[in-house]
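Dear colleague,

I am passing the structure on to you below, and my notes on it follow.

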Amino acid sequence: MPRHKPIRAAIYGACHANALLRLLQGVPGLKGKIQFTPIPATMNITAEEMDAFIASVPDLDLVLYQPISANYRGPQFASARIVEAAANAQTTLISFAYYHFEVYTPFITSALPGLPEPPTEYMDYLLGALIARGFDDARIVDRLLHLEGLAPYVEGMVGAAFYEFGVREERVLEGDRPLDVKISDRVKALYQSKRLGHTPNHPSALPMRWIADDILGRIEPMIGKSLGARWSFTPDPLNEIQFFTPPFVRQAFGMTFEDKPITLTKTHGRQKLADYVRGQRPFYEAIPRDHFLKAVETMAQPTARPWYTPLLTTD
């Protein structure tokens, strides 16, 4: 029998959680069927807000969440608390993994400790290294478009990316439960023909829709009706940070999708590559050269990203 009262729900996780919320709230069949309680993202939620959320779990019908380890911000913010709180309740739990696929933009990652916070939330180590080496803007743009030397590392890069992806989907954190929604097989099948990531951590719309579609299928019994979504969402749910995939990367990985040299950032919006380089230059020039290149060496450790060294040092 269809429910007459709205499903009481919440979504807990990082930036992906808010993106999923926007997707689900846009599904016409869900309007009035689910009432989402706003929950701050994992990286922003306070201890008091987390305690209040956990206390509310037994009264919720549905909780969607990303597995969060106790190592991230401490046991108080771990997803294991959600599982424990729902143990003796009628709350349905559905978990989905954090998307991380460092192939499309292999040089843009989080800033290492000791470096200033980058203006676009991600540290563009390749661009910063080229600036530190004294290249002018025109030469940097040319390098970003036509840099060679990635091909010998493709197999290792893809292997590493899917290994981490698989670990995120197969691991069970202490006190948590096996993951419900898995998309790594679909990513593996389509990553060359579809651009499935904007940064190492931010997926494009398609992977988020896979997750949302899976969830819609799982909650149909709760709703009492079919919820086949007709996706027409623009812009993408995580469109604040986007970087183009350079032609030399696409060529090395055998990618066939079109990807113009346009960069989107939260601060500056849509930018041509030359404008992006020019706008980022003051930030990277302000970091002491030796300090930044030391960070690049750390990123390029053979056990981490061995492809950094030849690409950053070959003229």
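How many aromatic pairs does a search of the whole structure find? The search finds 13, where rings of Phe, Tyr and Trp (its six-membered ring) pair if their centres lie within 6.5 Å, and planes under 30 degrees apart count as stacked, over 60 as edge-to-face and the rest as tilted. Please bear in mind that this is a predicted model, in which local features need pLDDT of at least 70 and side-chain atom pairs count only at pLDDT 80 or more, while totals for chains, interfaces and linings use all residues. Residues are numbered from 1 along each chain as its sequence is written, and side-chain values use heavy atoms, with hydrogens and water left out.

One of the pairs is that of Phe 101 and Tyr 191, edge-to-face at 5.9 Å centre to centre with 75° between the planes. Both Phe 101 and Tyr 191 are buried, that is, under 20% relative accessible area with a 1.4 Å probe, protein chains only. The rings of Phe 107 and Phe 248 are tilted, because their planes stand at 40°, with the centres 6.3 Å apart; Phe 107 and Phe 248 are likewise buried.

Ring pairs also join Tyr 99, Phe 101, Tyr 104, Phe 162, Phe 165, Tyr 191 and Phe 257 into a cluster. Over the ring of Phe 162 sits the charged end of Lys 188, 5.1 Å from its centre, and Arg 139 lies over the face of Phe 135, at 3.9 Å from the ring centre; the criterion is NZ of Lys or CZ of Arg within 6 Å of the ring centre and within 35 degrees of the ring normal.

Conventions:
Buried means under 20% relative accessible area, exposed over 50%, partly exposed in between (1.4 Å probe, protein chains only).
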